[in-house]
Amino acid sequence: MRRIKLGISTAMGAAALAAGALALAPTATAVTPTTATLTADCGTFGSGLATLTATQSGTSATITLSSSAITSPIDVAAGSVSSTLTLSKNGSGTTTFTGNSSPALPAGSAVSTGPLKGTVAAGDVLEATSLKLVIFGLITVNCTATSAQSPGPFTF
């Protein structure tokens, strides 16, 4: 009888540990949509459609931006662009995603920047409003969204 009690206790203990481990495991998170488009005006550097791609891992998120309508004014080496993407947050505030991970861009080529890193909380709704690019620390390009994101804001 003692063996049966010990076996049951061991099994119940293992089940409790497994349940506890599942409760403490990080929850899978997903941003929706993962890709959105909008139109942006970057003054003399161009205007048109831009694509934003978002990913999420817990409270960390990244957004990559690319646009064939907005072009690099000069040859730009990889990592030479500091970018700040400003997004409306939950309809009342703002948040920024920043980074300097950019590919090499020959003059006249489509602009691409990111991944830009930011912090999110469950339920955050973010929509891009502006982008600031600083190239070589000398040239500043300010872009403003001229349309809403389609199919809609990112929900984390």
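Predicted model: local features only at pLDDT ≥ 70, side-chain atom pairs only at ≥ 80, totals over all residues.
Colleague: What percentage of the residues counts as buried?
Modeller: Buried means under 20% relative accessible area, exposed means over 50%, and partly exposed is in between (1.4 Å probe, protein chains only). Of the 156 residues, the buried share is 31%.

Colleague: Which side chains meet in a salt bridge?
Modeller: A salt bridge needs a side-chain nitrogen of Lys or Arg within 4 Å of a carboxyl oxygen of Asp or Glu. Searching the whole structure turns up one. Its N to O distance is 4.0 Å, and the partners are Asp124 and Lys89.

Colleague: How many residues apart are those two, Asp124 and Lys89?
Modeller: Asp124 is buried at 5% relative accessibility, whereas Lys89 is partly exposed at 28%. Back to that salt bridge between Asp124 and Lys89. The pair ties together distant parts of the chain, with Asp124 in the loop between S6 (110–119) and S7 and Lys89 in strand S4, and the separation is 35 residues.

Colleague: Which side chain of opposite charge is nearest to Glu127?
Modeller: Glu127 sits in strand S7, residues 125–135. For charge, Lys and Arg count as positive and Asp and Glu as negative, while His and the chain ends are not counted. Glu127 is buried yet has no salt bridge, and the nearest side chain of opposite charge, 15 Å away, is Lys89.

Colleague: Which residue has its backbone nitrogen 2.7 Å from a polar atom of the Glu127 side chain?
Modeller: Contact here means heavy atoms within 4.5 Å. Leaving out residues up to four places away in sequence, Glu127 touches Thr86, Leu87, Ser88, Ala148, Gln149 and Pro153. The backbone nitrogen at 2.7 Å belongs to Gln149.

Colleague: What accessible area do Ile74, Phe136 and Leu138 have together?
Modeller: Patches are made of residues with over 30% relative accessible area and no salt bridge, joining like charges within 9 Å and nonpolar side chains (Val, Leu, Ile, Met, Phe, Trp, Tyr) within 5 Å. Ile74 is partly exposed at 31%, and Phe136 is partly exposed at 40%. Areas come from the Shrake-Rupley method with a 1.4 Å probe, and for residues only the protein chains shown count as cover. Together with Leu138 they form a nonpolar surface patch of about 300 Å².

Colleague: What is phi of Phe136?
Modeller: Phe136 is in the loop between S7 and S8. Although Phe136 isn't a glycine, its phi is positive, at about 55°.

Colleague: The peptide bond from Ser150 to Pro151: cis or trans?
Modeller: Pro151 is in the loop between S8 (139–145) and S9 (154–155). With omega near 15°, the bond from Ser150 to Pro151 is cis.

Notes
Residues numbered from 1 in each chain as written. Heavy atoms only, no water. Helix = DSSP H or I, 4+ residues; strand = E, 2+ residues; numbered from the N terminus. Polar contact = N/O pair within 3.5 Å; in protein donor to acceptor, adjacent residues only side chain to side chain.
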